[in-house]
Structure formats: structure tokens, C-alpha cells
Amino acid sequence: MLRAIAIAWVMIYHASLYSLAPQQNPLVGFGWMGVDLFFVLSGFLIAGQLLRPMAEMRRPDYRRFFWRRALRTLPAFVAMLAIYFLMPAWRERSDIQPLWTFLTFTQNLGLAAMPPRGFSHTWSLCVEEQFYLAFPLALALVALRPTPRIVVGALAGIVLFGMLLGAWLWLAHVASPPFDIAGDPDSGPYMRLIYYPTWSRLDGLVAGVGIAAMQVFRPAWWARLGARPNLGLAVGAAGVVAAAVLFQNEIGSFFAAVFGYPMIAASMALVVASGASPRSIIGRRAIPGVGALAAGSYSLYLSHKMVLHAVAVAAAGWPPAAQARALPAALLCAAAAGAALYWIIERPFLELRDRLAGRSRTPLAPEPVAAPTG
């Protein structure tokens with residue numbers, strides 16, 4: 001359910017970039033927060049896969065983990081990358097980052113918001129791929145002395161580091177004039193130095209790791225958290241709304257840049273933890289189509305901006321009455337393209353992955369996909 005909500009939220013936001021949806025609508029305008037929900041989900045599910053063996057006094061199978069991650073994320077990504085570079089006329093934007101930045105998953109470092117670039121939304125995939133590499137190493141180091149104090153200290157230290165770095169970057173490079181805490185933020189350096197880079201976007205992943213550690217190592221705390229899941233969902237949703245009020249828009253003030261992302265992460269983590277309970281309002285019953293949307297969300301994420309742009313260009317020549325239906329037409333076309341990518345590329349490699357590396361042994365939830373946005 002939550003993956004479906006995240007991808008739908010981000011798609012509506014991206015549709016607004018092509019004048020298919022009204023960005024003045026708060027629900028649309030803050031759709032970029034869907035990426036934070038994806039980050040929390042990824043941190044929660046990935047950490048659970050590696051922490052559960054440790055709780056059972058076993059060493060995580062890192063080789064198997066990396067094989068599963070590669071077969072999960074690379075095939076569909078490489079297929080879309082080939083389309084973007086071999087068929088440039090299909091891109092939603094003519095400009096694009098160099099190919100090597102995509103192949104090395106460093107495209108999010110130094111990425112400028114202007115001019116808009118094609119396939120730029122994969123900046124969040126870069127964050128996740130870097131997390132897939134760094135988290136097992138960090139876990140191996142923590143496992144040398146796995147005390148609760150060290151684990152909590154490490155997670156809190158990462159968040160605090162991100163806040164301090166964000167504060168410095170905002171004051172020194174984003175504020176106009178510099179070092180004016182009440183100054184106006186410059187959107188260019190804000191996006192390049194704070195919004196896109198991994199070092200500023202670890203809050204959601206760390207929050208996900210935190211609730212996974214609670215579920216695995218402190219089941220009594222987890223049960224207490226899930227005792228009233230709908231209350232947890234309401235509090236988490238209220239925190240997201242409060243963060244939206246603090247941000248006001250995607251380009252955050254000093255306090256939004258420093259405190260807003262941790263606030264979103266904590267609120268989303270509460271939503272994820274509460275939503276994991278079968279007693280919650282979103283976990284109680286299945287909604288037709290939601291499972292398919294969640295399963296295909298990665299392929300949909302990779303392909304949807306290209307399709308939304310194509311429909312927006314075509315709709316500009318439609319009669320006024322037909323233009324009112326441009327948004328549903330764009331979403332349907334994006335869903336069809338995402339389904340094609342899923343069934344032709346992603347699904348066969350998922351089946352290959354399960355044959356070669358075995359199915360996931362963790363009972364947490366379906367596996368995550370990279371977070372979409374931007």
C-alpha cells in the first residue's frame with residue numbers, strides 16, 4: 001500500500017511539471033515528499049534483510065545480498081538508460097548528464113536543477129545504490145561491538161552530521177546574502193548541494209534502519225508501537241503536514257533544510273511502522289490494483305517521466321474539451337509503459353534472481369525499489 005501511495009504521489013507531482021496537474025494544489029505540490037517515503041521503506045526493508053540473521057547469531061550473507069540487489073535494480077535501469085541515450089528524441093528533456101555518471105551511480109552529485117535534465121529523477125536511485133554499498137560495511141563495523149548504545153549512537157550521529165552539514169551548506173552557499181539565517185534561498189545551490197546529494201538525504205534511510213532494528217532486536221517495543229497503529233498513522237501524517245508547513249515549497253528555508261528532512265523521516269517512519277501492522281487501516285484489507293501498482297512501481301518510476309512528457313506534448317494540440325482528460329490519459333499511458341518494462345525486463349530478472357540467489361528469507365515485507373522523485 002505505502003509503495004503504491006509513494007509512486008502515485010510522485011507521479012502526480014511530476015505530472016504538474018508538464019502542466020498536467022495543478023502544482024498550486026498542496027497535495028500535488030508536495031509530491032516530492034514521496035521520495036522520503038521510499039527512502040524510509042528502503043531503509044526498513046534492506047536493514048531487516050541484513051539484521052535478522054544477526055539476531056539469529058548468524059553472519060549475513062553479503063554476497064547473496066549484493067547479487068539480489070543487482071538483479072533487482074540493474075536490468076530495468078540499464079534498459080531505460082539505453083533508451084535515453086540511443087533514442088534522444090524520446091527524452092523529456094534534451095540535456096542529460098554524462099553516461100558515466102549514470103553507470104557509476106554518481107549522477108546525483110553535482111546535479112544542477114537548471115537546465116532541467118533528462119532521466120534526472122534517477123538521482124534517488126543513486127542515493128539508494130550508494131546506501132546498498134555503504135550499509136553492509138557500516139553493519140560489519142558495528143557488528144564488532146554490537147551494543148545498543150553504539151547502534152543508537154551511530155544512527156543519531158549520521159542524522160546529526162547531515163543536519164550540521166546542511167546548516168553550513170545553506171548558510172555558506174544557499175543563503176542570499178551568505179550567512180543570513182533569514183536570507184532568501186537560492187534554488188540552484190540548494191538543489192545541487194542539499195536536495196540531491198546523498199550526504200543530505202540519509203535521514204529517511206536511517207529512520208528506516210532504526211525501525212527495522214527495533215522490530216528485530218526489540219520486539220516488545222515494536223509490539224507496543226503497533227498496538228494502536230491507526231493512532232500512529234495519524235500522528236505520522238500530522239508530522240508530514242507539519243513538515244510541509246515548515247517547508248512551504250520544495251526550496252526550503254534554513255530551518256526547513258536543517259530540521260525539515262529529519263521531521264519528514266521520523267513522520268514517515270511512524271507511518272511505515274504503523275502501516276506494517278495488519279490491524280492498521282491501510283493493512284487491514286487489500287484494495288484492487290494497489291498490489292499491482294506497488295509491484296511495478298520500480299519500472300513505473302524509471303519510465304513515467306518520459307511518457308508524461310510525450311502525452312503533454314501531444315495534448316497541447318487536442319481540442320480544449322479533450323485537454324481536460326490529458327492527466328488521466330498520461331497516467332494510463334505511463335502505467336502501460338511501466339507494465340511493459342516490468343513484464344519484459346524486470347520480472348524475468350526477478351525470476352532469475354530467485355533461481356540463482358533464492359527467495360528472500362526475511363518476512364518483513366516485499367522488497368523495496370529505488371525512491372522516485374525530482
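Mentor: Let's start from Met 33. Leaving out residues up to four places away in sequence, Met 33 touches Trp 9, Val 240, Ala 243, Ala 244, Phe 247, Ile 264 and Met 268. Please keep in mind as we go that this is a predicted model. Met 33 belongs to the largest nonpolar core, a set of 102 residues, and together with Tyr 190 it touches the most other members. Helix α3 gives the largest share of this core, 13 residues. As background, nonpolar side chains in soluble globular proteins tend to be buried together.

Arg 201 belongs to the loop between α8 (187-195) and α9. Arg 201 counts as buried because its relative accessibility is 2%, which is under the 20% limit. What does the side chain of Arg 201 make a polar contact with? Its partner is the side chain of Asp 36, at 2.8 Å. A polar atom of the Arg 201 side chain also lies 3.0 Å from the backbone oxygen of Tyr 195. Beyond its neighbours up to four places away in sequence, Arg 201 touches several residues, including Val 35, Phe 39, Trp 123, Val 127, Ile 194, Tyr 196 and Tyr 261.

A polar atom of its side chain lies 3.5 Å from the backbone nitrogen of Tyr 342. Setting aside neighbours within four places in sequence, the contacts of Ser 299 are Ala 76, Gly 338, Leu 341, Tyr 342 and Glu 346.

Now for the spaces. Rolling a probe the size of a water molecule over the atoms shows where empty space is left. The largest pocket holds about 1,100 Å³. Which residues lie nearest the centre of that pocket? They are Val 151, Val 152, Leu 155, Val 209 and Ala 213, out of 42 lining residues. Helices α3 (34-55), α6, α7 (148-174), α9 (203-217) and α12 each bring at least two residues to the lining of this pocket. Of the elements, α9 gives the most, with 9 residues. By class, the lining of the largest pocket has 34 nonpolar, 4 polar and 4 charged residues.

The largest cavity has a volume of about 70 Å³. Among the residues lining the largest cavity are Val 159, Gly 162, Met 163, Gly 166, Trp 199, Asp 203 and Tyr 261. Helices α7 and α12 each supply at least two residues of that lining. Its classes are 8 nonpolar, 3 polar and 1 charged.

The second largest cavity comes to about 30 Å³. Its lining is made of Ile 158, Val 159, Gly 162, Trp 199, Leu 202 and Asp 203. The largest share of that lining, 3 residues, comes from α7. By class, the residues around the second largest cavity are 4 nonpolar, 1 polar and 1 charged.

Last, the backbone. Most residues other than glycine have a negative phi, and most peptide bonds are trans. With that in mind, look at the bond from Met 114 to Pro 115, which is cis, with omega near -5°. You will find Pro 115 in the loop between α5 (99-103) and α6 (123-142). The peptide bond from Ser 176 to Pro 177 is cis as well, with omega near 0°. Pro 177 sits in the loop between β1 (175-176) and β2 (184-185).

For phi, go to Ser 19, where the value is positive, near 60°. Ser 19 is placed in the loop between α1 (2-17) and α2 (26-29). Is Ser 19 buried or exposed? Ser 19 counts as exposed because its relative accessibility is 68%. Gln 248 has a positive phi too, near 70°, and lies in the loop between α11 (229-247) and α12 (254-275). Gln 248 has 63% relative accessibility and so counts as exposed.

Definitions and conventions. Residues are numbered from 1 along each chain as its sequence is written. This is a predicted model: local features need pLDDT of at least 70, side-chain atom pairs count only at pLDDT 80 or more; totals for chains, interfaces and linings use all residues. Side-chain values use heavy atoms; hydrogens and water are left out. Helices (H or I, at least four residues) and strands (E, at least two) are DSSP runs, numbered from the N terminus. Buried means under 20% relative accessible area, exposed over 50%, partly exposed in between (1.4 Å probe, protein chains only). A polar contact is a pair of N or O atoms within 3.5 Å; within protein, one must be able to donate a hydrogen and the other to accept it, and residues adjacent in sequence count only if both atoms are side-chain atoms. Contact means heavy atoms within 4.5 Å. On a 1 Å grid over the protein atoms alone, a cavity is a set of points where a 1.4 Å probe fits but cannot get out, and a pocket is an open set with protein on both sides within 12 Å along at least five of seven lines; lining residues have an atom within 4 Å of a point. Grid points are joined across faces, edges and corners, and a volume is the space filled by probe spheres set on the points. Ala, Val, Leu, Ile, Met, Phe, Trp, Tyr, Cys and Pro count as nonpolar, Asp, Glu, Lys and Arg as charged, and the others, Gly among them, as polar. A nonpolar core is a set of buried Ala, Val, Leu, Ile, Met, Phe, Trp, Tyr and Cys residues joined through side-chain atoms within 4.5 Å.
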